[in-house]
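These are my notebook entries on one structure. I set out to look up the surroundings of a ligand and then the salt bridges.

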Amino acid sequence: MVCQRTVPMTHKNGVYDMLPSKRLEGLGASVFTEMDNLKRELERAGKSLINLSIGSPDRAPAHEIRNVLSKAVLDDDQYGYTLTRGTDDFRKVCAEWYQERFGVTLNPETEVLPLMGSQDGLAHVFLAYIDSGDLALIPDPGYPIYTAGLLLAGGEKVAIPLLEENGFLPDLKQIDPNIARKAKLMFLNYPNNPTAAVANLEFFDEVVEFAKEYDLLICHDAAYSELAFEGFKPVSFLQAGGAKEVGIEFHSVSKTYNLAGARLGFVVGNADVIGTLSQLKSNIDYGVFAPVLTAGAYALRNAQGSIEENKSAYQRRRDLLIEGCASAGWKMPIPQGSMFIWAPVPTGQSSVSFAMDLAREVGVIVVPGIAFGEHGEGFVRIAMVQDEGVLQEAVQRIQQFLKHCR
Ligand SMILES: Cc1ncc(COP(=O)(O)O)c(C=O)c1O
């Protein structure tokens, strides 16, 4: 018997045109695409480029972590599915690390879940909690997955402005109570991408109160909790009293230990939410590769030294960039954390036209702030993801560019 298609595919010039789902239509990261096209065009023209646009760590993981990983890879029994909850040991070490680092007690059975990079959880939490038409409070500027995950789940975004005068923290009092009441969840991220702002416990206390008043799930992305400078130690959202009743927190093992391509993160906090996310994910994936969990567990238990080296390296990069640009008259706030500098556009141009000119003229690629939301306009994001020699060259090129602008 021949099967009939109930919904015919459209037919164009003898070729079937497979129409992507409508839910992809809202995901136009047009500024990123524009910058990417320009980068490719410049590469084709043979221009030497220094890419300070992507937030991917360029440093390698510590040797000790790679040794554990490579040994595990050779082990015969590391090749089964680990399933969504991963190994007992990995969840246990996450709880121990939380206790040691933040003084927060977690039950490794119910309050910890491994992730294939924190991105896995950031994207999927929306599918677990958002139905079509539901509202979510999303920081603007913000890391793009919060908007993408929400739209893919059919939700509607309420942009919460992060303004310089508020230290790039949301002003909770300015959020319309009617909107807050309708919203299901709120995303936060400190140390912040792209603004590099940091939050203190007092702010998180206010967030817990706000969440309780409006019955909101708080999702805090703490991907950069271990990348801070001059001895500053970012706090965990879960340190706030009552936080576990209203929220969860995401961590990026891949960022903290430079294992980005190995894809490892974890989410902790409210047991019901962790259980729901686990239920959703168990329908989607079969868990993180066991050697990656083994290496991650080793890193969390033993490799704090590598975090300190990482911080020092990024701090030197930060100082080199900030001082070099300041000497050309481009003053930028000094970040206390994250791998980014959020720099005001120094020429009076729009962020896109400044970033494009900088790329075309001297080959330095940064991200226009508007790519992160309308309140990102007026800024560019510089990622400190090249070694000091390359950054020195970037500074010279920026100085040369700014001289010609004046
Ligand atoms: C704020 C923030 N959260 C999460 C991620 C995702 O990191 P991963 O999935 O590697 O843990 C990134 C990556 O750039 C990020 O900048």
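The entries below begin with the basis of the values and then turn to the ligand and the salt bridges.

**Basis.** I am working with a predicted model, in which local features need pLDDT of at least 70 and side-chain atom pairs count only at pLDDT 80 or more, while totals for chains, interfaces and linings use all residues. Residues are numbered from 1 along each chain as its sequence is written, and side-chain values use heavy atoms, with hydrogens and water left out.

**Ligand shell.** I asked which residues surround the ligand. I found 15 of them, the closest being Asp221, Tyr224, Ser252, Ser254 and Lys255; a residue is near if one of its heavy atoms lies within 4 Å of the molecule. I sorted the shell into four nonpolar, eight polar and three charged residues. In this sorting Ala, Val, Leu, Ile, Met, Phe, Trp, Tyr, Cys and Pro are nonpolar, Asp, Glu, Lys and Arg are charged, and the others, Gly among them, are polar.

**Polar contacts.** I next looked up pairs of N or O atoms within 3.5 Å. Oxygen atoms of the ligand lie 2.8 Å from a polar side-chain atom of serine 118, 3.0 Å from a polar backbone atom of glutamine 119 and 2.7 Å from a polar side-chain atom of arginine 263. The protein covers 93% of the 400 Å² of accessible area that the ligand has on its own (Shrake-Rupley method, 1.4 Å probe).

**Salt bridges.** I noted 20 salt bridges in the structure, each a side-chain nitrogen of Lys or Arg within 4 Å of a carboxyl oxygen of Asp or Glu. For accessibility I used buried for under 20% relative accessible area, exposed for over 50% and partly exposed for in between (1.4 Å probe, protein chains only).

I recorded arginine 91 with aspartate 88, whose closest N and O atoms are 2.9 Å apart. The two are three residues apart in helix H3 (residues 88-102), and therefore about one helical turn separates them; helices are DSSP runs of H or I with at least four residues, strands are runs of E with at least two, and both are numbered from the N terminus. Arginine 91 is buried at 1%, whereas aspartate 88 is exposed at 54%.

I then asked where lysine 184 and aspartate 134 lie. Their salt bridge spans 3.7 Å, N to O. Lysine 184 is in strand E7 (residues 183-189) and aspartate 134 in the loop between H4 and strand E5 (135-140), so the pair ties together parts 50 residues apart in sequence.

How values were computed:
A polar contact is a pair of N or O atoms within 3.5 Å; within protein, one must be able to donate a hydrogen and the other to accept it, and residues adjacent in sequence count only if both atoms are side-chain atoms.
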